[in-house]
Amino acid sequence: MNSTFYVSDYRKNAVDDDAAIAECMKSADAALERTVVFDGDDYLITRSVLLPSNTTVIIDNCTIKLADYSFDTVFRGNNIVVDE
């Protein structure tokens with residue numbers, strides 16, 4: 001079953017966009033297949049959005065930007081380990 005999750009729904013109670021995205025992805029964990037929709041205003045992130053397998057991302061009328069002095073990719077598979 002494919003479930004759709006809208007990141008904008010999680011922005012209301014989050015301190016920043018990173019927290020809203022993390023909460024949305026946490027909610028999507030239970031779905032075997034998921035669609036994550038970035039919609040609404042622009043998103044300012046400081047780290048990669050970690051995507052599990054069987055995930056479709058839709059960017060609908062918004063921009064996802066890395067914050068100043070952030071050096072990362074915008075999206076990365078959650079199975080990639082980055083050496084800190």
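Biologist: How do the residues lining the largest pocket divide into nonpolar, polar and charged?

Modeller: The lining of the largest pocket in this predicted model divides into seven nonpolar, two polar and four charged residues, where Ala, Val, Leu, Ile, Met, Phe, Trp, Tyr, Cys and Pro count as nonpolar, Asp, Glu, Lys and Arg as charged, and the others, Gly among them, as polar. A pocket here is an open set of points on a 1 Å grid over the protein atoms alone, where a 1.4 Å probe fits, with protein on both sides within 12 Å along at least five of seven lines, and lining residues have an atom within 4 Å of a point.

Biologist: Which residues lie nearest its centre?

Modeller: Of the 13 residues that line the largest pocket, A22, M25, S48, V49 and L50 lie nearest its centre. The elements giving two or more residues to that lining are α1 (17-28) and β4 (49-51), and α1 provides the largest share, five residues. Helices (H or I, at least four residues) and strands (E, at least two) are DSSP runs, numbered from the N terminus.

Biologist: Where is S48 found, then?

Modeller: S48 is found in the loop between β3 (43-45) and β4.

Biologist: Is S48 buried or exposed?

Modeller: S48 counts as buried because its relative accessibility is 8%, with buried meaning under 20% relative accessible area, exposed over 50% and partly exposed in between (1.4 Å probe, protein chains only).

Biologist: Changing topic, what does the side chain of D17 reach?

Modeller: D17, which lies in helix α1, has a side chain that reaches the backbone nitrogen of L44 at 2.8 Å. D17 is buried, because its relative accessible area is 14%.

Biologist: And where does Y10 lie?

Modeller: Y10 lies in the loop between β1 (2-6) and α1, and Y10 is partly exposed, with a relative accessible area of 22%. The side chain of Y10 makes a polar contact with the side chain of S27 (3.3 Å).

Biologist: What should I keep in mind when reading these values?

Modeller: Local features need pLDDT of at least 70 and side-chain atom pairs count only at pLDDT 80 or more, while totals for chains, interfaces and linings use all residues. Residues are numbered from 1 along each chain as its sequence is written, and side-chain values use heavy atoms, with hydrogens and water left out.

Conventions
A polar contact is a pair of N or O atoms within 3.5 Å; within protein, one must be able to donate a hydrogen and the other to accept it, and residues adjacent in sequence count only if both atoms are side-chain atoms.
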